[in-house]
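Please keep the sequence and the coordinates at hand while reading.

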Amino acid sequence: MKRIFIALGTLLVVMGICIFSIRMQTKNTQYLLDSLERIQESFDRGDWEQWQQETDKFARDFEEKTRIFPFFLR
């Protein structure tokens, strides 16, 4: 019976880690997509200063937000 509880506990831990990582990836991806949307809006308005700031911010944020994505590749 003890083995069943250990197996169930391990399964719950792995499931929790998977759910956490999927939520983290989804949140970071949505953040980057929203950032791209802001870049597109400022470009369409012709607000070049805002566009440059958003583009620079996206370049910095991209490295930070996608730092762990390679761990999920095959």
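Is Asp-47 buried, partly exposed or exposed? Asp-47 is partly exposed, at a relative accessible area of 31%; here buried means under 20% relative accessible area, exposed means over 50%, and partly exposed is in between, with a 1.4 Å probe and protein chains only. The model is predicted, so that local features need pLDDT of at least 70 and side-chain atom pairs count only at pLDDT 80 or more, while totals for chains, interfaces and linings use all residues. Residues are numbered from 1 along each chain as its sequence is written, and side-chain values use heavy atoms, with hydrogens and water left out.

Asp-47 takes part in a salt bridge with Arg-45, whose closest N and O atoms are 3.8 Å apart. A salt bridge is defined as a side-chain nitrogen of Lys or Arg within 4 Å of a carboxyl oxygen of Asp or Glu. Arg-45 itself is exposed, at 56% relative accessibility. Side chains of opposite charge can pair when their charged atoms come close.

By this rule the model has 3 salt bridges. Another of them joins the side chains of Arg-38 and Glu-54, at 3.3 Å from N to O. Because Arg-38 belongs to helix 1 and Glu-54 to helix 2 (residues 48–65), this pair ties together parts that are 16 residues apart in sequence. Helices are DSSP runs of H or I with at least four residues, strands are runs of E with at least two, and both are numbered from the N terminus. Arg-38 is partly exposed at 33% relative accessibility, whereas Glu-54 is buried at 10%. A salt bridge also links Lys-57 and Asp-61, with the closest N and O atoms 2.9 Å apart. Both residues lie in helix 2, separated by 4 residues, or about one turn of the helix. Lys-57 is partly exposed at 30% relative accessibility, and Asp-61 is buried at 12%.

The surface also carries patches. Patches consist of residues with over 30% relative accessible area and no salt bridge, like charges being joined within 9 Å and nonpolar side chains (Val, Leu, Ile, Met, Phe, Trp, Tyr) within 5 Å. Leu-8, Leu-11, Leu-12, Met-15 and Ile-19 make up a nonpolar patch with about 480 Å² of accessible area together, where areas follow the Shrake-Rupley method with a 1.4 Å probe and, for residues, only the protein chains shown count as cover. Met-15 lies in helix 1 (residues 2–45) and is partly exposed, at 44% relative accessibility. A patch of negative charge brings together Asp-34, Glu-37, Glu-41 and Asp-44. Of these, Glu-41 is found in helix 1 and is partly exposed, at 39%.

Helix 1 also holds Met-24, which is partly exposed with a relative accessible area of 25%. The C-alpha atoms of Met-24 and Ile-68 are separated by 9.9 Å, although the two residues are 44 residues apart along the chain.

For the whole chain, the secondary structure comes to 2 helices and 0 strands. Its radius of gyration is 19 Å, well over the 11 Å that the globule rule gives for 74 residues, so the chain is more spread out than a compact globule; the radius is taken over C-alpha atoms, and the rule is 2.2 Å times the number of residues to the power 0.38. Along the principal axes, the C-alpha atoms fill a box of roughly 70 × 15 × 15 Å. Buried residues account for 15% of the 74 residues.

Technical notes. Lys, Arg positive; Asp, Glu negative; His and termini not counted. Charge placed at Lys NZ, Arg CZ, Asp CG, Glu CD.
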